[in-house]
Amino acid sequence: MKDDPGSAIAGSRATYGLAPFILLLCCALAAPAGAQQYPSRPLRIVSPFPPGGGNDVLCRIVAAKLAESLKQPVLVENRSGANGIVGTEVAARSAPDGYTIVLIPSGHAVNATLYRKLPYDTLKDFTPITLAAASPLVLAVHPSLPAKSVKELVALAKAKPGQLAYGSAGIGSSGHLAGAQFGILTGAKLLHIPYKGMGLVITDLISGQVSITFGTSLSVVPHVRSGRLRALATTGTQRSAALPDLPTVAEAGVPGYEASLWYGFVGPARIAPEIVRRLNAEIVAVLSLPDVRERLAGQGVEARHTTAAEFTSLLASEVERWAKVVKRAGISVE
């Protein structure tokens with residue numbers, strides 16, 4: 001009996017008709033089990049700075065809300081050192097399963113040029129998830145310092161060149177660069193004292209061990225309100241909603257001055273795209289909560305978010321931007 005060509009064609013059509021369903025089934029079976037069940041255990045957010053600083057505060061705000069939405073514990077682990085490099089390396093070397101992420105500050109982009117050799121590639125060794133927040137810095141001083149305005153601080157610094165010390169979260173940190181830029185534009189010679197995080201700077205500033213800081217809003221604003229520190233200005237292009245009566249440095253007599261800080265979440269390279277999308281959606285939802293936005297705004301921080309692709313582009317542009325600033329200021333670390 002000869003084969004019926006019509007039957008063969010019909011069988012072929014039936015096979016092709018099933019092809020999409022077979023493909024979907026294969027994709028489902030091929031998807032990593034961890035991605036299908038994510039998250040099935042506690043998550044870790046690495047804060048690459050000591051407790052008490054802006055990075056740590058933001059990590060804990062997000063972690064508490066994220067634990068509620070993911071129905072899993074979200075632990076904050078402080079791994080400070082080397083201007084955030086120690087903790088950031090911990091995240092870079094972690095398994096790319098979405099269970100370890102790190103909150104990087106804008107200093108992450110600065111470090112790419114500041115250090116001749118890093119234990120990771122600033123862009124290639126990470127999976128960007130989302131931008132989280134942005135804020136100006138606050139130029140604050142110990143109340144005993146006889147300077148109640150930016151102009152008075154500049155005059156005092158010029159009268160005592162190299163004697164007034166300002167603390168920052170480390171060499172190349174946003175506070176360090178803000179102080180360096182302040183010196184370039186005003187001619188004031190301040191002594192830079194690098195710490196391992198803003199929490200330590202604030203402790204010494206309150207006790208009078210250092211006189212000045214260009215500190216993160218999250219770290220400084222509460223102590224300004226309590227009277228333990230005196231704020232002279234903010235470093236953004238516009239006044240801070242948390243300190244609306246305070247002028248910007250530019251308004252206070254230093255035209256063209258601007259310095260700001262951002263934070264964002266990244267994980268190790270090669271996290272599965274579906275897990276990146278889940279983390280992005282969950283973190284963006286947390287940052288969009290009214291109480292989170294209000295809490296951050298009350299301390300001079302604006303909650304922000306992006307897609308993973310947008311944050312990837314931002315990181316690349318920030319590395320390029322800060323490379324020019326670092327070279328101009330002549331800052332380097334061996």
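Two strands pair if DSSP finds at least two bridges between them. The views below are taken from a predicted model.

**View 1. Strand E7 and its two pairing partners, E4 and E5.** Strand E7 covers residues 212-216. On one side of the account is strand E5, residues 165-168, which pairs with E7 in the parallel sense over 2 bridges. Within E7, Thr213 is the bridge partner of Gly167. Strand E4, residues 126-141, also pairs with E7, but in the antiparallel sense and over 5 bridges. Here Leu139 stands opposite Phe214 of E7. Strand E7 is mostly covered, with 5 of its 5 residues buried.

**View 2. Helices H3 and H11 in contact.** Two packed helices are described by the angle between their axes and the distance between the axes. For H3 (residues 54-70) and H11 (residues 290-297), the axes come within 11 Å and cross at roughly 170°. Angles over 145 degrees count as roughly antiparallel, and H3 and H11 are therefore roughly antiparallel to each other. From H3, the contact is made by Leu58, Ile61 and Lys65. From H11, Asp291, Val292, Arg295 and Leu296 take part. Sorted by class, the contact of H3 with H11 has 4 nonpolar and 3 charged residues, and no polar ones.

**View 3. The largest nonpolar core, with 60 residues.** The residues that touch the most other members are Leu58, Val150, Leu153, Phe182, Ile212, Phe214 and Phe265. Helix H3 gives the most to this core, with 8 residues. Apart from this core lies another, of 26 residues, including Val46, Val110, Leu131 and Val326.

**View 4. Phe265 and the residues around its place in the core.** Residues up to four places away in sequence are not counted here. With those set aside, Phe265 touches Ile45, Val62, Ile101, Val102 and Leu103, among others. Its contacts also include Pro128, Ile129, Thr130 and Ala132. Ile283 and Phe311 are touched by Phe265 as well.

**View 5. Gln299, a buried residue in a loop.** Gln299 is placed in the loop between helix H11 and strand E10 (302-303). Buried means under 20% relative accessible area. Gln299 has 14% relative accessibility, so Gln299 counts as buried.

Notes
Residues are numbered from 1 along each chain as its sequence is written. This is a predicted model: local features need pLDDT of at least 70, side-chain atom pairs count only at pLDDT 80 or more; totals for chains, interfaces and linings use all residues. Side-chain values use heavy atoms; hydrogens and water are left out. Buried means under 20% relative accessible area, exposed over 50%, partly exposed in between (1.4 Å probe, protein chains only). Helices (H or I, at least four residues) and strands (E, at least two) are DSSP runs, numbered from the N terminus. Axes are lines fitted to C-alpha atoms, for helices over the stretch in contact, and angles run from 0 to 180 degrees between N-to-C directions. Angles under 35 degrees count as roughly parallel, over 145 as roughly antiparallel, 65 to 115 as roughly perpendicular and the rest as oblique. Contact means heavy atoms within 4.5 Å. Ala, Val, Leu, Ile, Met, Phe, Trp, Tyr, Cys and Pro count as nonpolar, Asp, Glu, Lys and Arg as charged, and the others, Gly among them, as polar. A nonpolar core is a set of buried Ala, Val, Leu, Ile, Met, Phe, Trp, Tyr and Cys residues joined through side-chain atoms within 4.5 Å.
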